[in-house]
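Please keep the sequence and the 3D view open side by side as you read.

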Amino acid sequence: MWSSKYLRSPLSRSLLSNMRRQNDDEHAKFQWYVCDTELLPKCLQPLFVQSHLDVGTRAFLRQCSEKSSWLFVQIYYSFVTSVFGLFMSKTSINGLLGRGSMFVFSEEQFLQLLRVGPDWRTGRVLDLGAGDGEVTKTISPHFDEVYVTEVSPTMKWQLKKKQYRVLGIDEWQDTGFQYDVISCLNLLDRCDRPLTLLKDIRNVLEPSKGRLILAVVLPFQPYVENEIPSPNPPPATSWGSPLTRNLTGPAT
């Protein structure tokens, strides 16, 4: 029996992983959403919102499974990644190929998380590190103005094609207006100054009703893609409880 640890090719590992996923039953998928709330601090237990394997999530998983079985497409992706990887980041290659879309929640789960109804709508949203804008597309119908940021040139190109207002990574903090909702999804472990990012978010979030939607991949393993060494690197930061206490105000 082949094991993925003996397969060096990303394509081979992907095909083997796909074969294994096909053997997963529906019960295993439901386990993704199981959370023992008794393990949470007492103050967080009533705030927990249970998600489910809804229609939007199933559609995304089905699409991923179908694409992963397209052998010649996977060969093409592998070849392009090998060549362009010499001078482009993986994120930019994905943007060029139109792949690498992120799925954090469906529209139904998004509304459930904010505890609002399907007709809910507010003024302004900022999606930090929006990638190709697929998550932005999920939440954008509920806002009058949609702003995004992204570092990758090809992902910016994808965002502009979808007609989102792309702000520079040093621009969104000084626009002169505030945001009703800011989404920071799987970004804290991909930036070199996460604490500064959180403080900037707090400064531009509407103080009375603003909401921050924060997603972090666990276990937390920071990795900054294409980081340019600085002659004066920032000091090491702590992720202890004082950070949580300092981020006051409404947050989801």
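Cys 35 is partly exposed in this predicted model, and its relative accessible area comes to 30%. Cys 43, in turn, is exposed, at 58%. How many disulfides does the model have? With a pair of cysteine sulfur atoms required to lie within 2.5 Å, the count is zero.

The accessibility values quoted in this report sit together here:

| Residue | Relative accessible area | Class |
|---|---|---|
| Cys 35 | 30% | partly exposed |
| Cys 43 | 58% | exposed |
| Leu 185 | 3% | buried |

Let's turn to Leu 185, which belongs to strand β4, residues 181-185. With a relative accessibility of 3%, Leu 185 counts as buried because the cut-off for that class is under 20%. Which residues does Leu 185 touch, leaving aside those up to four places away in sequence? They are Met 102, Val 104, Phe 105, Leu 128, Val 135, Ile 213 and Ala 215. Take Met 102 from that list: 83 residues separate Met 102 from Leu 185 in sequence, while their C-alpha atoms are 9.3 Å apart in space.

Next comes helix α4, which covers residues 71-84. Its 14 residues reach 20 Å from first C-alpha to last, close to the 20 Å expected at 1.5 Å a residue. Gln 74, Tyr 77 and Val 80 are the buried residues of α4. Viewed down the axis of α4, these buried residues fall within an arc of 130°, so they line one face of the helix. An α-helix has 3.6 residues a turn, so residues three or four places apart point the same way. Phe 72, Phe 79 and Ser 82 are exposed on the other side of α4.

Terms used. Residues are numbered from 1 along each chain as its sequence is written. This is a predicted model: local features need pLDDT of at least 70, side-chain atom pairs count only at pLDDT 80 or more; totals for chains, interfaces and linings use all residues. Side-chain values use heavy atoms; hydrogens and water are left out. Helices (H or I, at least four residues) and strands (E, at least two) are DSSP runs, numbered from the N terminus. The expected span of a helix is 1.5 Å times one less than its number of residues. Buried means under 20% relative accessible area, exposed over 50%, partly exposed in between (1.4 Å probe, protein chains only). The arc is that of the directions from the helix axis to the C-beta atoms. Contact means heavy atoms within 4.5 Å.
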